[in-house]
Amino acid sequence: MSNSEFVRVEKLNRVFDVSKPLLNRIIERQPKRFVHAATDVSFSIAKGETFALVGESGSGKSTVAKMVVGLLPATSGTVEIDGVSITGKHDRAQMRALRRRIQMIFQDPYASLNPRWRVASIIAEPMLALGIAKSKAEAQHEAGELLKVVGLNPLDGRKYPHEFSGGQRQRIAIARALAAKAEFIVCDEPTSALDVSVQAQILNLMRDLQEQFGLTYLLISHNLAVVRHMSSRIGVMHFGKLVEVEESRALFKNPRQSYTRMLIDAVPDISAATRR
Amino acid sequence: MSETILSVENLRVEFETRRGTLVALDDISFSIAKGEVLGVVGESGAGKSMTGAAIMHLIPRPGRIAGGRILLGDQRIDNLDRTGIEAIRGRRIGMIFQDPLTSLNPLMTVGDHLTETIRVHLPLNRRQARARAIELLEEVGIPDPAVRIDSYPHEFSGGQRQRVVIALALCAEPELVIADEPTTALDVSVQAQIIKLIRKLCSTRGTAFMLITHDMGMIAETADRVAVMYAGKVAEIGKVSQVVGAPLHPYAQGLMGAIPSLDNEEPRLRQIPGSMPSLTALPDGCSFHPRCERAMDICRQRAPALLGAIDHKVACHLYEREEVAA
Ligand SMILES: Nc1ncnc2c1ncn2[C@@H]1O[C@H](COP(=O)(O)OP(=O)(O)OP(=O)(O)O)[C@@H](O)[C@H]1O
Ligand SMILES: Nc1ncnc2c1ncn2[C@@H]1O[C@H](COP(=O)(O)OP(=O)(O)O)[C@@H](O)[C@H]1O
Ligand code: SF4
Ligand SMILES: [Mg+2]
Ligand SMILES: [Mg+2]
């Protein structure tokens with residue numbers, strides 16, 4: 001396995017059955033209906049790289065992301081991390097070891113943080129579940145250290161998620177991913193719900209951590225400026241298909257697909273202010 | 001000088017709480033001219049939505065206007081009673097909110113929404129109202145409007161639903177539209193279409209817009225002037241070329257610097273340290289001082305006033321002295 005293929009996604013497909021119930025179909029004489037949310041999606045990501053998926057709403061980005069982390073079964077296709085297939089058969093210990101290496105961060109961190117747990121316990125949980133920490137005390141101590149790493153105060157560990165702002169919650173979600181000693185983090189619209197000022201803080205943090213821990217990212221965003229800023233390579237999705245995969249700079253300079261061109265041209269541009 | 005549609009003068013909004021009086025808006029002043037788009041930007045909690053709510057008499061309890069005046073044309077509207085403001089809401093001032101799904105009733109067709117609203121505000125019969133509704137859908141760029149008028153909201157895409165909401169806001173041909181984060185939930189491609197639509201309405205109908213958003217790209221492409229808000233105050237206001245292109249206030253500079261752009265190759269984004277203070281813990285002096293790299297002694301003691309020329313004002317001690325000297 002070469003270094004350029006730390007993550008390898010091959011011919012991923014996902015079909016959703018959106019048919020009406022059988023009886024309705026018979027009465028209305030309608031065929032079954034399917035949504036092809038992902039069709040033959042293939043790409044690979046090198047270790048320490050940030051690969052981004054862009055595309056309009058409904059193009060299939062989140063569907064691919066969920067299959068890559070194993071939250072959604074694929075209709076067909078394979079995902080390999082460091083040469084190990086996550087779609088293949090594993091015993092429980094192997095599966096647990098794999099799960100640990102892949103973590104996901106969502107647009108709404110609140111939905112993914114248990115509201116009844118204190119933040120320190122939320123961060124300590126994967127360490128205990130995965131056997132990374134030997135004892136509760138060790139896990140709690142580590143949680144405090146991780147809060148520092150993501151720019152919060154260890155004392156914040158005593159609070160509950162609702163006591164934090166959106167940006168702080170995203171930091172907590174990142175700390176939890178680090179707690180699992182994740183190597184590959186899938187980020188689905190991690191800053192879309194945040195103010196630009198907070199977005200800048202989170203994006204800078206993601207970059208710092210990538211350098212510090214050698215993290216590999218799959219970044220999903222509909223904000224092309226964010227994607228341009230963060231990623232070395234970009235895949236463009238359109239109606240469930242990956243229509244273009246290109247090195248980031250080249251993609252913006254010289255998109256091969258007219259669809260990509262349209263996406264780029266549609267980006268509202270702050271330099272317009274000085275032109276008008 | 002062009003005709004002023006809205007002027008807000010020294011607006012103050014307070015919340016009476018057990019812990020004392022919270023000042024949500026403090027001495028807010030701005031105006032919007034006919035056919036003009038005023039962008040309102042700032043981090044969440046800055047008071048953008050509250051400003052829109054104050055104009056529409058929609059401040060949540062126990063908040064209230066504690067000072068200042070709001071004028072629509074030359075009519076004072078901040079002191080109107082309920083029937084008075086209801087005659088203006090939807091008729092002379094249209095509203096667009098962030099989430100198009102919550103502003104549309106899922107059980108009503110798009111046509112029902114439009115004709116009902118049109119008939120509340122304009123003296124048209126059912127058939128005339130329907131014809132007007134189809135025109136409006138056409139105007140906001142819904143394809144095949146004569147057919148789509150009978151569709152339900154869920155049968156439209158997110159962008160199309162937002163266009164329907166815009167069409168609703170335009171039903172009664174209002175002089176002013178207050179749009180609170182109208183494109184936040186939408187794709188860039190749809191956003192670009194909405195931007196075009198707003199600009200078209202300004203030039204063809206002379207509609208004035210108050211465009212509340214935290215998307216600076218949207219402001220740069222759409223607004224004529226922009227107000228930057230921070231902790232319930234206006235930090236800087238002026239032409240978009242000045243405030244977005246060459247901001248003076250350190251907070252405005254920080255905001256603009258934090259935006260990733262397509263041609264910026266810097267590995268790190270500029271960031272403003274810390275976060276916006278809550279209303280219960282507003283710092284003394286300039287409320288931005290704990291986050292400001294250029295804060296001076298005076299900044300901790302005295303709040304700066306919003307000063308400058310008519311078309312570009314800034315509230316910052318860095319510029320106050322120049323002002324006195326000039
Ligand atoms: N559980 C589901 N059942 C049926 N259809 C689904 C389901 N999940 C997703 N889809 C459909 O699959 C397609 C891709 O959806 P997906 O959520 O991957 O889009 P996305 O690119 O992430 O969009 P967004 O930018 O809006 O998040 C869409 O047509 C969507 O309606
Ligand atoms: N119902 C309320 N009671 C007390 N304070 C409120 C209420 N609603 C909003 N606020 C406060 O008013 C300020 C401005 O809020 P808002 O106008 O919603 O900000 P923005 O739209 O700029 O994000 C915030 O500090 C917010 O916490
Ligand atoms: S008044 Fe002082 S603290 Fe406030 S923005 Fe200006 S320099 Fe910074
Ligand atoms: Mg998605
Ligand atoms: Mg708001």
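This is a predicted model: local features need pLDDT of at least 70, side-chain atom pairs count only at pLDDT 80 or more; totals for chains, interfaces and linings use all residues.
I started with one pair: Arg268(B) makes a salt bridge with Asp208(A), and their closest N and O atoms sit 2.5 Å apart.

I then looked at which helices of chain A touch chain B: α8, α9 (224-230), α10 (248-253), α11 (258-265) and α12 (272-275) each bring at least two residues. α8(A) gives the most to that side, with 9 residues. I sorted the residues of that side by type and found 17 nonpolar, 8 polar and 8 charged.

I looked up the extent of the chain contact too. Chain A puts in 33 residues and chain B 41. About 3200 Å² is buried between the chains, with 57% of it from carbon and sulfur atoms.

Then I turned to the inside of chain A, which is split into domain 1 (5-101 + 183-267) and domain 2 (115-180). Their contact takes 13 residues from each of the two domains. I noted 26 Å between the domain centres, taken over C-alpha atoms.

Domain 1 and domain 2 of chain A bury about 1100 Å² between them, 74% of it on carbon and sulfur atoms. On the domain 1 side, α3 (92-101) and α8 (196-213) of chain A each supply at least two residues. α8(A) gives the most here, with 7 residues. By type, I have that side down as 10 nonpolar, 1 polar and 2 charged.

How values were computed. Residues are numbered from 1 along each chain as its sequence is written. Chains are lettered from A and ligands numbered from 1 in the order in which they are written. Side-chain values use heavy atoms; hydrogens and water are left out. Domain bounds come from an automatic or database domain assignment. Contact means heavy atoms within 4.5 Å. Buried area is the accessible area (1.4 Å probe) that two parts lose on being put together, summed over both. Helices (H or I, at least four residues) and strands (E, at least two) are DSSP runs, numbered from the N terminus. Ala, Val, Leu, Ile, Met, Phe, Trp, Tyr, Cys and Pro count as nonpolar, Asp, Glu, Lys and Arg as charged, and the others, Gly among them, as polar. A salt bridge is a side-chain nitrogen of Lys or Arg within 4 Å of a carboxyl oxygen of Asp or Glu.
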